[in-house]
Amino acid sequence: MAAEDNLDPLTTAAGAPVADNQNSLTAGPRGPVLLQDLWLLEKLAHFDREVIPERRMHAKGSGAFGTFTVTNDVSSYTMAELFNAVGNTCETFVRFSTVAGERGAADAERDIRGFAVRFYTPQGNWDVVGNNTPVFFFRDPLKFPDLNHAVKRDPRTNMRSAENNWGFWTNLPEALHQVTIVMSERGIPRSYRHMHGFGSHTFSFVNAAGVRHWVKFHFRTQQGIQNLTDEEAGALIGQDRESHQRDLFDAIERGDFPSWKLYVQVMPERDAEDYRFHPFDLTKVWSKKDYPLIEVGVLELDRNPENYFADVEQVAFTPANVVPGISLSPDKMLQGRLFSYGDAARYRLGVNHHQIPVNYPRGARLVNSYHRDGAMRVDGNQGGVPGVQPNSFGRWPEQPAFAEPARAVGGTADRFDFRADDDNYYEQPGDLFRSMTGAQQQVLFDNTARAIKGARRETVERHVANCAKADPAYGEGVRKACEAIGAL
């Protein structure tokens with residue numbers, strides 16, 4: 001029932017009628033409020049707890065429901081039931097977000113955009129939790145808390161700090177690829193509808209014969225790429241801090257449903273052993289010449305949530321939500337996120353967050369979880385069936401038919417330095433820079449100078465040096481732009 005149609009009388013949470021929602025119970029017309037005003041106590045107590053902890057990253061977001069339709073047969077690569085026939089469909093939910101800003105931040109800030117897609121498949125929820133960029137700042141999850149501290153507020157000033165931010169990035173030269181994208185003309189999308197999405201990590205497909213392929217996911221906008229300049233974004237923020245939210249909501253309400261085509265890059269498992277770029281390095285992309293895009297299907301968003309909090313704020317994505325035929329890779333960042341995302345949801349929403357409607361695997365034919373108890377368990381808790389396995393009654397049988405093929409892993413456990421294995425930080429940022437027109441390169445220079453202004457001279461010089469290693473013209477352009485505005 002829509003909110004505007006609810007004309008039923010008001011009750012307490014326990015169902016008792018509320019006689020007066022205008023006046024507190026007091027001792028006389030001018031006396032103190034009485035503790036026995038049960039409705040006042042319930043109303044205030046609930047209000048005090050209405051705000052749940054915001055996401056540490058991706059706090060500001062928008063979302064919508066939609067449908068995914070398979071348009072091309074990829075069943076030779078994956079046994080996932082969703083992909084076993086052209087024309088298959090499933091319900092989806094997508095949450096877009098900015099990364100660094102708090103829940104009240106402006107939408108049109110220079111930042112990465114989160115792009116998280118949930119497929120409610122017949123075999124359970126499949127989540128592709130990515131961004132609008134194909135790479136990230138680093139390749140080891142041990143540095144993720146440091147990134148948060150670098151881009152969030154300084155502990156003393158409670159303000160954003162260019163030095164904290166750029167001091168971190170420039171001391172991790174592998175960050176240059178992502179920094180180049182964020183500082184480019186694509187650093188501020190005009191809206192969520194006008195940007196691509198990427199799974200970013202390397203994942204895997206497993207087919208019915210047990211053959212594994214490595215895979216990357218690409219969602220390509222059908223609305224076209226559109227971006228804002230710093231000047232345009234500044235003017236827009238002064239008028240509307242919810243510009244991305246408003247654009248997405250209004251477009252769907254008027255029937256202008258946004259869509260993205262899903263493509264995959266597919267790499268045979270053996271190719272990873274000697275591919276010219278580290279295939280599991282999140283700071284790298286695979287060449288489309290080596291592994292062309294293969295169309296998979298179309299994602300269309302056609303329904304706004306009836307209640308923002310219920311769906312957008314409570315949705316809990318995790319890359320650990322995979323289904324048979326779609327799996328993981330040795331990508332270190334992906335491995336770290338497998339724990340962190342689910343753990344963050346347990347903190348924010350509780351151990352039974354999967355029972356919240358937007359998180360429930362509504363498309364699955366069978367949901368028969370072994371878990372039980374915990375706060376807010378509301379699904380019957382398996383009644384009187386003992387949670388014991390093995391047992392003498394055949395309960396909770398395993399499903400070995402869906403086991404993944406074995407994979408050899410390294411035989412020595414140690415804290416290996418990624419740089420000793422691959423210190424090629426500059427080739428791909430250089431290629432990206434050289435693919436830009438002269439005008440686009442100048443935008444990159446100017447955006448970088450404005451963003452880095454306020455950092456120490458040593459930090460600016462370090463970034464210039466990193467850029468120059470990618471391409472001398474890149475370093476020289478950033479230097480001149482920084483000098484022109486007094487950032488260097």
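**View 1. Helices α12 and α13 of the predicted model pack against each other.** The axes of α12 (residues 457–470) and α13 (residues 472–484) come within 5 Å and cross at roughly 150 degrees. Axes are lines fitted to C-alpha atoms, for helices over the stretch in contact, and angles run from 0 to 180 degrees between N-to-C directions. Helices (H or I, at least four residues) and strands (E, at least two) are DSSP runs, numbered from the N terminus. The two helices are therefore roughly antiparallel; angles over 145 degrees count as roughly antiparallel, under 35 as roughly parallel, 65 to 115 as roughly perpendicular and the rest as oblique. On the α12 side, Val-460, Glu-461, His-463, Val-464, Cys-467, Ala-468 and Ala-470 meet Pro-472, Tyr-474, Gly-475, Val-478, Arg-479 and Cys-482 of α13. Contact means heavy atoms within 4.5 Å. The residues of this contact between α12 and α13 divide into 9 nonpolar, 2 polar and 2 charged. Ala, Val, Leu, Ile, Met, Phe, Trp, Tyr, Cys and Pro count as nonpolar, Asp, Glu, Lys and Arg as charged, and the others, Gly among them, as polar.

Residues are numbered from 1 along each chain as its sequence is written. In this predicted model, local features need pLDDT of at least 70, side-chain atom pairs count only at pLDDT 80 or more, and totals for chains, interfaces and linings use all residues, while side-chain values use heavy atoms, with hydrogens and water left out.

**View 2. Helix α3 (residues 162–170) is mostly covered.** Of its 9 residues, 7 are buried; buried means under 20% relative accessible area, exposed over 50%, and partly exposed in between (1.4 Å probe, protein chains only). The buried residues are Ala-162, Asn-165, Trp-166, Gly-167, Phe-168, Trp-169 and Thr-170. They pack against α2 (144–151), α4 (176–182), α11 (438–452) and α12.

**View 3. Gln-428 lies in helix α10.** Gln-428 is buried, with a relative accessible area of 7%. Apart from neighbours within four places in sequence, Gln-428 is in contact with His-177, Phe-277, Thr-283, Lys-284 and Val-285.

**View 4. Asp-423 sits in the loop between α9 (418–421) and α10 (427–434).** Asp-423 is exposed, at a relative accessible area of 52%.

**View 5. Pro-390 and Asp-373 are both in the loop between α8 (332–349) and α9.** Most residues other than glycine have a negative phi, and most peptide bonds are trans. A cis peptide bond, with omega of about 10 degrees, joins Gln-389 and Pro-390. Asp-373, not a glycine, has a positive phi of about 65 degrees. At 43% relative accessibility, Asp-373 counts as partly exposed.

**View 6. Ser-200 has a positive phi in the loop between β5 (197–198) and β6 (203–206).** The phi of Ser-200 is about 70 degrees, although this residue is not a glycine. Ser-200 is buried, with a relative accessible area of 8%.

**Setting of the views.** The protein has 13 helices and 10 strands. Along its principal axes, the C-alpha trace spans about 80 × 65 × 50 Å. Buried residues make up 46% of the 488 residues.
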